[in-house]
Amino acid sequence: MFKRSIGRATGPAVLTLILAGVAACGPTTPGTQPAAAGAAAPAATGTAAAAPAAAAGTPAAAQAAGAPRAKAGTPTATPTSAKPTAAAAAPVAAAPAGDKQAAIAAPAKDGGAATPADRNLQLTAYDPASGTAVLSAPAATTAPTTAPSTPATPSGTPTAAPAVQPGQLIASPPTAAAPQGALVAVTAVHPGAGTTLNLATRPATLAELLGGTEADGKVPVDPHGITVTPLVKDLKATVGADPSGVKADASGTLEVDVKAPMPLPGGASVDASGSLQLHPAVHFAYHGAAAGSPRTASIGFDLGAQAHWKVTGDLARDTGAAPVRLPFAKLQASPVLTVAGLPVVVNLGLTCYLEISADGQVHLEAEQEATGTWAVRADYTGGKGWAPTTSADTKVSPVRVRLTGKAGVRAALGAEVSIGLYDTVGVETTVAPYLRAQAEGSLSADSSGNPPQAQGSWSLVGGVDLNGSLTAHLKVFGTPVIEGKLPLPPFHREWPLLAGSAVLPSTKPTSS
């Protein structure tokens with residue numbers, strides 16, 4: 001434990017004893033919090049798992065052993081980093097799948113990120129409204145001690161000593177009690193039954209957790225971690241490789257296929273089907289806290305997608321001012337990022353839908369596809385506040401279109417997307433690539449390259465709409481609260497696909 005200090009000692013034995021006695025009293029760094037040191041000492045002496053942790057050189061073991069905390073400005077708590085500079089950025093990476101252990105740490109006083117203690121506790125109950133929570137240690141069989149004959153005490157269980165103290169932070173990955181994760185500060189601790197602790201908590205911020213950390217990165221969302229909830233019958237979801245190359249830095253693709261009738265005003269309906277391949281990635285950035293707020297911060301998503309949809313039927317009347325929308329699937333994921341060794345939970349939600357609108361009577365057979373990468377970010381700058389950034393690189397092309405009648409028709413396959421942190425929504429947006437047709441007469445066109453067969457006038461237009469808003473819940477960053485919602489700048493783009501007119505000559509009677 002004191003091997004490093006004794007190795008440097010060259011004085012007499014008395015001086016060695018004095019140095020050992022000073023070290024045993026705990027860290028003397030001015031910024032060290034007494035409560036955190038008091039919590040770490042019993043864990044190091046009362047559990048068998050603390051010794052291997054100290055040998056491994058983890059931050060929690062070093063602190064429990066009396067080693068001074070890293071200097072102020074250290075950007076990460078990662079012990080394996082060989083970069084000595086304070087400006088080094090902490091990596092943003094995907095956390096190991098299935099990890100349920102909560103990170104428990106006191107906010108750092110030296111400007112760095114909080115250093116999590118090595119305590120094997122999970123959040124097994126949590127009520128966000130009241131702030132009550134329960135931490136539990138797993139059964140002793142999941143953390144055996146080195147001596148089976150000795151009474152087993154899993155590492156960090158509350159039976160050995162108070163494992164959690166008021167003022168500490170809890171960053172929990174998704175669990176059954178908190179499916180979208182939780183970030184709270186402990187205000188009171190009460191012993192529970194067995195190896196549980198009953199806690200009173202308040203919401204915490206990333207500024208408290210990450211301090212002066214510098215971190216920036218984009219992480220693909222594992223499609224296997226996306227939960228698909230069907231909203232119509234005959235919905236199929238599959239996960240596979242990415243054969244098309246359309247992606248947002250993701251290693252796989254989630255494909256959702258649907259076939260369902262779309263009800264129209266007046267009791268009519270059209271047949272609709274669609275296929276949507278998604279490759280989502282989340283972006284997270286955090287740069288140095290100052291006075292409880294970061295200098296800059298960012299949260300957003302990139303959604304690589306390939307869509308194919310088809311609508312067939314008779315639209316006998318105007319669908320009204322609002323388009324007819326058919327939501328067919330709800331997708332949810334809570335990927336966990338590791339930032340400075342701490343879990344940061346990002347919540348991503350998508351509702352996929354088909355949409356159609358018409359302003360007249362028309363028989364429609366439309367089949368189209370779209371590919372693109374849609375990105376939405378909310379960026380914070382100290383002194384200026386939050387600002388949105390959007391982009392929608394999209395290509396829409398008709399596969400086959402047949403129109404007969406007089407009407408304007410628009411068919412879209414879109415997604416309502418929300419992204420936030422720890423069960424708090426920060427960005428809401430809607431992305432909708434569409435095909436719009438205007439015809440008076442008849443039109444038949446496809447992607448074969450052959451000229452369209454038409455009578456009358458027609459036009460085909462591809463486009464994409466992207467709009468949304470930032471919400472007040474971005475306060476989880478520790479930044480000033482947005483009053484209400486801040487609309488995103490609307491993104492609307494159209495491009496012509498086909499246009500023209502043709503009049504068939506009238507049939508003249510033949511002379512006999």
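Let me start with a question: in the hairpin of strand 17 and strand 18, which residue takes a positive phi? That one is glycine 383, with phi near 85 degrees, and the hairpin has 3 residues between the strands.

Quick housekeeping. This is a predicted model, where local features need pLDDT of at least 70 and side-chain atom pairs count only at pLDDT 80 or more, while totals for chains, interfaces and linings use all residues. Residues are numbered from 1 along each chain as its sequence is written, and side-chain values use heavy atoms, with hydrogens and water left out.

The overview, then. The chain has 6 helices and 22 strands; those are DSSP runs numbered from the N terminus, H or I with at least four residues for helices, E with at least two for strands. Of its 512 residues, 46% count as buried, and buried here means under 20% relative accessible area, with exposed over 50% and partly exposed in between, using a 1.4 Å probe and protein chains only. Take the contacts between residues at least 6 apart in sequence: 71% of them join residues at least 24 apart, a contact being heavy atoms within 4.5 Å.

Strand 17 (residues 361–381) and strand 18 (residues 385–421) run antiparallel and are joined by 21 bridges; two strands pair if DSSP finds at least two bridges between them. Leucine 364 has leucine 403 in strand 18 as its bridge partner. Strand 17 also pairs with strand 13 (residues 293–315), again antiparallel, over 20 bridges. There, serine 298 stands opposite aspartate 379.

Now the rings. The structure holds 1 aromatic pair. Tyrosine 380 and tryptophan 386 have ring centres 5.4 Å apart and planes at 50 degrees, so the pair is tilted. The rule is that rings of Phe, Tyr and Trp (its six-membered ring) pair if their centres lie within 6.5 Å; planes under 30 degrees apart are stacked, over 60 edge-to-face, and the rest tilted. Tyrosine 380 is buried at 6% relative accessibility, and tryptophan 386 is buried at 10%.

We also get arginines over rings: arginine 325 lies over the face of tyrosine 353, 3.8 Å from the ring centre, and arginine 410 lies over tyrosine 434, also at 3.8 Å from the ring centre. For that, NZ of Lys or CZ of Arg has to be within 6 Å of the ring centre and within 35 degrees of the ring normal.

Where does valine 346 sit? It is in strand 16 (residues 342–358), and at 0% relative accessibility valine 346 counts as buried. Beyond its neighbours within four places in sequence, valine 346 touches a list of residues including Val282, Ile299, Leu337 and Ile419.

Last stop, further up the chain. Strand 6 (residues 182–191) pairs antiparallel with strand 5 (residues 169–172) over 4 bridges, and isoleucine 170 has valine 184 as its bridge partner. Strand 6 also pairs antiparallel with strand 7 (residues 196–203), over 7 bridges. Their hairpin has 4 residues between the strands, and glycine 194 takes a positive phi near 60 degrees there.

Glutamine 168, in the loop between strand 4 (132–136) and strand 5, is buried at 5% relative accessible area. A polar atom of its side chain lies 2.8 Å from the backbone nitrogen of glutamine 165. Okay, over to you.

How values were computed
Polar contact = N/O pair within 3.5 Å; in protein donor to acceptor, adjacent residues only side chain to side chain.
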